[in-house]
Amino acid sequence: MSGIGNTSAQMALRDPDIRLMLRVRADDAEAFAELVERYQQRVVGIMNHLLGNVEEAEDLAQEVFLRVYRNRKKYRPTAKFSTWLFTIANNLALNVMRRRHRKPTVPLPPQESGPLGPRPQEQLAIDPGFTPARGLRQRELTAIIRQALEELNERQRMAVVLNKFEEMNYAEIAEVMGLSTKAVKSLLSRARAKLREALQPYVYMDGTPPPPPDEE
């Protein structure tokens, strides 16, 4: 790995995606195609979970990778490649959500799942004991969860999606969102409180009694 610093070389040894991106920086088209193949569905998934529109999510994912390619010569590996990539995705998604907030649009009807699998709100609603007889209640609960997520502000929603969908920890989310770890903890804490408050009347809508309190 000639031509890169010691720190970059050490990170590249630990992260194969950094090695690919360094090849992209050197104008390796095959490496770029491989990175797109590895991450495209994940980026589309995040955008879809945030925006609820598959076509818009796919367009934004293309824009993410276009920015990756345009900025390839400026790339310096200071974190995992996925962190750098999702930072670009985060900035784009926040811009779109803020424009939507300024100019409200008619929300799409909730779906049970998209082509990329269940959205985070559906993951929260999925019950391993699901039966067809409970399908209607499950769909109702999914819609309620989706509505609750949409009532979060943009940063709270992004933090929840990165935490639940990408399984990022506080430090990783902080790096993606350009916040402190303490700020991310606060964001997620407030988001969870809002979700609990919004969902409390519906948690046992299927008639299942609440579980007994944990014993000390």
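Hi everyone, let me start with helix H8: nine of its 11 residues are buried, so this helix is largely enclosed by the rest of the structure. Buried here means under 20% relative accessible area, exposed means over 50%, and partly exposed is in between, with a 1.4 Å probe and protein chains only. Helices are DSSP runs of H or I with at least four residues, strands are E runs of at least two, and both are numbered from the N terminus.

Before going on, a word on what we are looking at. This is a predicted model, in which local features need pLDDT of at least 70, side-chain atom pairs count only at pLDDT 80 or more, and totals for chains, interfaces and linings use all residues. Residues are numbered from 1 along each chain as its sequence is written, and side-chain values use heavy atoms, with hydrogens and water left out.

How confident is the predictor? pLDDT is its confidence in each residue, from 0 to 100. The mean pLDDT of the protein is 78, and 69% of its residues reach 70 or more. Over residues 105-127, though, the pLDDT is below 50, and beyond near neighbours in sequence this stretch has 44 contacts in the model. A contact means heavy atoms within 4.5 Å. Where pLDDT is low, the predicted coordinates should not be read in detail.

Now the overall picture. The protein has 10 helices and zero strands. Of its 216 residues, 42% count as buried. Taking contacts between residues at least 6 apart in sequence, 63% join residues at least 24 apart. The protein exposes about 12,700 Å², and carbon and sulfur atoms supply 51% of that area; these areas come from the Shrake-Rupley method with a 1.4 Å probe, and for residues only the protein chains shown count as cover.

Back to H8, then. Its buried residues are Glu154, Gln156, Arg157, Met158, Ala159, Val160, Val161, Leu162 and Asn163. At the start of H8, a side-chain oxygen of Asn153 reaches to within 3.2 Å of the backbone nitrogen of Arg155. That is a polar contact, a pair of N or O atoms within 3.5 Å; within protein, one must be able to donate a hydrogen and the other to accept it, and residues adjacent in sequence count only if both atoms are side-chain atoms. H8 spans residues 154-164, and Glu154 belongs to it. Is Glu154 buried or exposed? Glu154 has a relative accessible area of 17%, so it counts as buried.

Seven of the 10 residues of H2 are buried, so H2 is largely enclosed by the rest of the structure. Among them are Asp17, Ile18, Leu20 and Met21. Asp15 caps the N-terminal end of H2, with a side-chain oxygen 2.9 Å from the backbone nitrogen of Asp17. Just after H2, Asp27 takes a positive phi of about 70°. Asp27 lies in the loop between H2 and H3, and at 43% relative accessibility it counts as partly exposed.

There is another residue of this kind. Glu167 has a positive phi of about 55° although it is not a glycine. Glu167 sits in the loop between H8 and H9 and is exposed, with a relative accessible area of 68%. For context, most residues other than glycine have a negative phi.

On to the core. A nonpolar core is a set of buried Ala, Val, Leu, Ile, Met, Phe, Trp, Tyr and Cys residues joined through side-chain atoms within 4.5 Å. Which residues touch the most other members of the largest one? Of its 54 residues, Val43 and Met47 do. H3 gives the most to this core, with 11 residues. Domain 1 (1-103) and domain 2 (117-203) both give residues to this core, so it lies between them; the domain bounds come from an automatic or database domain assignment. Leaving aside neighbours within four places in sequence, Val43 is in contact with Ala61, Val64, Phe65, Leu85, Phe86 and Ala89.

Asn48 is in helix H3 and counts as buried, at 1% relative accessibility. A polar atom of the Asn48 side chain lies 3.4 Å from the backbone nitrogen of Val54. Thanks, everyone!

Definitions and conventions
pLDDT = per-residue confidence, 0-100.
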